[in-house]
Amino acid sequence: MPTVSTIRGPVDVEALGQTLMHEHVFVVATEHLENYGRGAWWDEEFRVADAIRKLNAVAAKGVRTIVDPTVWGLGRYIPRIQRIAAEVPDLHIIPATGIYSYDELPHQYEHRGPGLVLDMPEPMAEDFVRDLTVGIADTGVKAAFLKCVVEQNGLTAGVERICRAVAQAHVRTGAPITVHTNSFTQSGVIALDLFAKEGVDLTKVVIGHAGDSNDLDYLMRLADTGAILGMDRFGLDLYNPTAQRVATIAALCERGYADRMVLSHDAACFMDYFGGAWDDAVGATAPNWRYDHIHDDVLPALRESGVTAEQIDRMLVFNPRRYFS
Ligand SMILES: [Zn+2]
């Protein structure tokens, strides 16, 4: 049986169980935290304990795995996640590599690469492959999948280079990809087109945030390439309310697409986008944006809409297992 890398080490894919395919533990930029957070809005011990409590609570609902696409640009810091994972014994956390940028390339890659000042093979691809095959820094933890972004500005020079490096790392290692997309500009089409040209196996691609769209033609066009639709922002009603997200999934199940969808919230225990006001901001604007909304509210609503237990199993268990196999 194939194994998948998690924060605590390799796990048999058969043991992944119910899997939420896009959840963050923390979104906290290291430079923000180290310069403005400590002594102000960041209390390390409080936040670690809070994460342990929230993750144990979702494990108690039956979730066995969360897939965490927190990469450079979102504040990936594996030692903190290792500390938390050690206290959440019933939940696997799957780490990622890649770069989260809507526009620009990090300056650290600007002058290195094919045809650049330091003429060399694409250093991003080298770094991603190292994360996937050797491990992330000195943590001993290997990333299990790749993450990039195609947002409303489409393939800017920076985004295109990052996405091509992600595709190359996929071709070299077989690691699957999750791409953040903008469903309102339908940027999933652009992402899949670029991946196809780079020789990516599109059945190993999750189109992140596809579930923000209720346009069945767009969603079926993506899924018909073999790619997986990330119905992954449950609780973010400002992009698409839960009732509509549920109706769209039910309609796609009816058309035979249950094996092309995965479920998640894109939630986090803490995000620094709101500084210290995170808990209040979420409570006021998106009270259902939490790891257990799917089990508490969405699964009953899906069943009521005619989605079968077998189809729910596909989206929560079988499709994630196939993606990592
Ligand atoms: Zn996310």
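Which helix holds Val317? The residue is found in helix H11, which covers residues 309–323. The model described in this report is predicted.

## Overall form

The protein chain contains 11 helices and 14 strands. A compact globule of 325 residues would have a radius of gyration near 20 Å, and the value of 19 Å for the protein chain agrees with this. Along the principal axes, the C-alpha atoms fill a box of roughly 60 × 45 × 40 Å.

When contacts between residues at least 6 apart in sequence are considered, 76% of them join residues at least 24 apart.

## Burial, surface and charge

Of the 325 residues in the protein chain, 58% are buried. The accessible surface comes to about 13,200 Å², and carbon and sulfur atoms account for 51% of that surface.

The protein chain carries 29 positive and 44 negative side chains. The centres of these two sets of charges lie 3 Å apart.

## The zinc site

The zinc ion is coordinated by His22 through NE2, His24 through NE2 and Asp266 through OD, at 2.1 Å. Along the chain, these donors follow the spacing H-x1-H-x241-D.

The place of Asp266 is in the loop between strand E13 (261–263) and strand E14 (270–271). Asp266 has a positive phi of about 60°, although it is not a glycine.

## Trp289 and its surroundings

Trp289 is located in the loop that runs between helix H9 (278–285) and helix H10 (293–304). With 11% relative accessibility, Trp289 counts as buried. Not counting residues up to four places away in sequence, Trp289 touches Phe234, Gly235, Leu236, His265, Asp266, Ala267, Met271, Trp278 and Val282. One of these partners, Asp266, is also a donor to the zinc ion.

Trp289 and Arg47 are 242 residues apart in sequence, and their C-alpha atoms are 17 Å apart in space.

## Two further loop residues

His209 lies in the loop between strand E11 (205–208) and helix H7 (216–223). Its phi is positive, at about 70°, although His209 is not a glycine. His209 counts as buried because its relative accessibility is 1%, under the 20% limit.

Ser187 is placed in the loop between strand E10 (177–181) and helix H6 (188–197). At 1% relative accessibility, Ser187 counts as buried. Beyond residues up to four places away in sequence, Ser187 touches Val150, Glu151, Thr181, Asn182 and Tyr218. Ser187 and Leu74 are 113 residues apart in sequence, with 20 Å between their C-alpha atoms.

Helix H8 itself covers residues 242–254. Gln244 and Gly17 are 227 residues apart in sequence and 27 Å apart in space, C-alpha to C-alpha.

Val317, in helix H11, counts as buried because its relative accessibility of 19% is under the 20% limit. Leaving aside neighbours within four places in sequence, Val317 is in contact with Gly17 and Gln18. Val317 and Glu14 are 303 residues apart along the chain, and their C-alpha atoms are separated by 9.2 Å.

Conventions:
Residues numbered from 1 in each chain as written. Predicted model: local features only at pLDDT ≥ 70, side-chain atom pairs only at ≥ 80, totals over all residues. Heavy atoms only, no water. Helix = DSSP H or I, 4+ residues; strand = E, 2+ residues; numbered from the N terminus. Rg over C-alpha atoms; globule rule 2.2 N^0.38 Å. Buried < 20%, exposed > 50% of the residue type's maximum accessible area, 1.4 Å probe, protein only. Contact = heavy atoms within 4.5 Å. Areas by Shrake-Rupley, 256 points an atom, 1.4 Å probe, with all protein chains shown as cover. Lys, Arg positive; Asp, Glu negative; His and termini not counted. Charge placed at Lys NZ, Arg CZ, Asp CG, Glu CD. Donors = N, O, S within 2.8 Å, 3.2 Å for Na, K, Ca; no water.
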